[in-house]
Amino acid sequence: MYKILVVDDEMNIRRVVREYAEFEGYEVDEAENGMAAIEKVKNNDYDLIVMDIMMPKLDGFSTCKELKKSKDIPVIMLSARGEEYDKLFGFEIGIDDYVVKPFSPKELMARIKAVIKRNSSQENVLPERLVFDGLEIDLAGREVYVDGKKASMTPKEYDLLFYLVKNKNLALTRDKLLEEVWGYDFFGDDRTVDTHIKMLRNSLGDYRKFIVTLRGMGYKFEYSQD
């Protein structure tokens, strides 16, 4: 049974998430603020954390950064604010998904299922080390090197890049990327993909040129040795 920690200062939000999650078969624990969440994580193992951003004592972003120092637990962030800056910042610090309040509990359950499935089924044992000019990708070690220097990338940037290179020179729609990289299609949106492509390009420096935009469709990793 997967175990979820719900972190929110609103008791009603915690209650609703708990009811739906327990109905889906998850074990649920609660924390009313970031400080309480940190203590919970120190003493327990969780498969996923659902966490609000705006909380007393310690906000969700700061809590997430603190938790990531010791444990790599998937995080779905909840927020009443839907600004692109908040989403981008969240993804940069390593969250897995971002849900804007008010939200549909059924949609949240679908996102929880997708994130847990994706993280529990990831097999990072491929031996290949791919080289594209000065861009080196170690699939087994989940590391990327730009001109010999290790790139600092979020887990989702890695997942997106790896999927693009495994499908080198193939056109990939945004919906296909959402389905394969995020684990869902209906609940995603184009901006999720576009935001991560922007982040990925920044991480790749001069080799951003390999990620080609297909206007009105999606993206592809384009590379030829000729």
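Which residue in S8 is the bridge partner of Leu-135? The points below take up this question and then move on to other parts of the model, which is a predicted one.

1. The hairpin of S7 and S8. Strand S7, residues 135-138, runs antiparallel to strand S8, residues 143-146, and four bridges join the two. To answer the opening question, Leu-135 has Val-146 as its bridge partner in S8. Four residues lie between the strands of this hairpin, in which Arg-142 takes a positive phi near 50 degrees.

2. The hairpin of S8 and S9. Strand S8 also pairs with S9, again in the antiparallel sense, over two bridges, and here Tyr-145 has Lys-150 as its bridge partner in S9. This hairpin has two residues between its strands, and Asp-147 takes a positive phi near 50 degrees in it.

3. From S9 to helix H6. Thr-154 is found in the loop that lies between strand S9 (149-150) and helix H6 (155-166). Is this residue buried or exposed? Thr-154 has a relative accessible area of 7%, and because that value is under the 20% cut-off, the residue counts as buried. Once its neighbours within four places in sequence are left aside, Thr-154 is in contact with Phe-91, Glu-92 and Met-199.

4. The sheet of three strands. An open sheet has the strand order S10-S12-S11, and its pairing is antiparallel. Strand S10 (172-173) and strand S11 (211-214) stand at the edges with a single partner strand each, so one side of each has no neighbour in the sheet. S10 pairs with strand S12, residues 218-221, over two bridges, and Thr-173 has Gly-218 as its bridge partner in S12. Helix H6 packs on this sheet, where it touches S10, S11 and S12, and the direction of H6 makes about 70 degrees with that of S12.

5. The packing of H2 and H3. Helix H2, residues 34-43, packs with helix H3, residues 60-68, at an angle of about 20 degrees, and their axes are 9 Å apart. Because angles under 35 degrees count as roughly parallel, H2 is described as roughly parallel to H3, and the crossing of the two helices is right-handed. On the H2 side, Gly-34, Ala-37, Ile-38 and Val-41 meet Thr-63, Glu-66 and Leu-67 of H3. Sorted by class, the contact of H2 with H3 has four nonpolar, two polar and one charged residues.

Technical notes:
Residues numbered from 1 in each chain as written. Predicted model: local features only at pLDDT ≥ 70, side-chain atom pairs only at ≥ 80, totals over all residues. Heavy atoms only, no water. Buried < 20%, exposed > 50% of the residue type's maximum accessible area, 1.4 Å probe, protein only. Contact = heavy atoms within 4.5 Å. Pairing = 2+ DSSP bridges. Axes fitted to C-alpha atoms, helices over the stretch in contact; angles between N-to-C directions. Parallel < 35°, antiparallel > 145°, perpendicular 65-115°, else oblique. Left-handed = near helix turned anticlockwise from the far one by under 90°. Nonpolar A, V, L, I, M, F, W, Y, C, P; charged D, E, K, R; others polar.
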